[in-house]
Amino acid sequence: MTFDLFDDLPPSGPATPAVEPLADGAVVLRGVARPDAEVLVADVQAVIATAPWRHMVTPGGLQMSVAMTNCGAVGWVSDARGYRYDPIDPLSANPWPEMPASFRQLATTAAAQAGFAGFEPDACLINRYAPGTRLSLHQDRDERDYGAPIVSVSLGLPAVFLFGGMRRADKPQRVRLAHGDVVVWGGPSRLAFHGVAPLADGDHPLLGQLRINLTFRKAL
Ligand code: MD3
Ligand code: FE
């Protein structure tokens, strides 16, 4: 007979972070991307060396204030023809850069912690906000399988995220998303209207006057 001195101690360490429910199917993992932030930012720099930031144009002809790029098998594109996922970057006529291992691993681990084991994103949309940049209320409906969640990672300056309901007119709740926060949007939240309020001025030690948001999607 052997005794384990630690048998009756609770599990230790931050292996499972605090999972903060936000809405039905949506959870915030506060700060979980912080330890990876330098690597994630270096990997963003590598992506933009191949697929530079650009301001896409909506089908209605308005230029977006958010600068965007993508990595992965397909990338989200908006132009006069509409919204779509495209395996080719229209700016370079080349495939989008591969999704960095650091991105893929963070997205898969975060999804599993939120109850979505086996999430394998094939697209990562990268959004860049400067002070004053906003993203108006919209739904993400260009993906094939709404059963898969979207995982978002916030880096740099904090933002006020607007989280609405199933109808555009539903009054959105305001949620502060700070450096390192990861949100998993699944279940009924997957098709909720959402946006970002105009970014406030600030200075972040890693990203200066910028916020960068990564959204991981299963598009195909
Ligand atoms: C809720 N990006 O890229 S991330 C987007 O901060 C987008 O750049 C915002 O909305 C940003 O489409 C918000 C949080 C987010 C992303 C996708 C969602 C929340 C979501 C999809 C469904 C519901
Ligand atoms: Fe969105």
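**The iron site and its neighbour**

Along the chain, the donors of the iron ion (ligand 2) are spaced as H-x1-D-x53-H. Keep in mind that this is a predicted model, where local features need pLDDT of at least 70, side-chain atom pairs count only at pLDDT 80 or more, and totals for chains, interfaces and linings use all residues. Residues are numbered from 1 along each chain as its sequence is written, chains are lettered from A and ligands numbered from 1 in the order in which they are written, and side-chain values use heavy atoms, with hydrogens and water left out.

So who holds the metal? H138 (NE2), D140 (OD) and H194 (NE2) coordinate the iron ion (ligand 2) at 2.0 to 2.3 Å. Donors here are N, O and S atoms within 2.8 Å of the metal (3.2 Å for Na, K and Ca), and because water is not among the atoms, sites may look incomplete. The two histidines tie together distant parts of the chain: H138 is in strand β9 (residues 135-138) and H194 is in strand β14 (residues 194-196), 56 residues apart. Strands are DSSP runs of E, at least two residues, numbered from the N terminus. H194 is buried because its relative accessible area is 15%, while H138, at 22%, counts as partly exposed. The cut-offs are under 20% for buried and over 50% for exposed, with partly exposed in between (1.4 Å probe, protein chains only).

Now look at ligand 1. It sits in the largest pocket. A pocket is an open set of points on a 1 Å grid over the protein atoms alone where a 1.4 Å probe fits, with protein on both sides within 12 Å along at least five of seven lines; a molecule sits in one if more than half of its atoms lie within 2 Å of its grid points. Ligand 1 is surrounded by 18 residues, the closest being N127, Y129, H194, R211 and R217, where near means a heavy atom within 4 Å. At least two residues of this shell come from each of β8 (123-129), β9, β10 (150-156), β14 and β15 (211-217), and β15 gives the most, with 4 residues.

An oxygen atom of ligand 1 is 3.2 Å from a side-chain N or O atom of H138, and the corresponding distances are 2.9 Å for H194 and 2.8 Å for R211. The protein buries 98% of the 490 Å² that ligand 1 exposes when taken alone, with areas from the Shrake-Rupley method and a 1.4 Å probe.

Definitions and conventions: A polar contact is a pair of N or O atoms within 3.5 Å; within protein, one must be able to donate a hydrogen and the other to accept it, and residues adjacent in sequence count only if both atoms are side-chain atoms. On a 1 Å grid over the protein atoms alone, a cavity is a set of points where a 1.4 Å probe fits but cannot get out, and a pocket is an open set with protein on both sides within 12 Å along at least five of seven lines; lining residues have an atom within 4 Å of a point.
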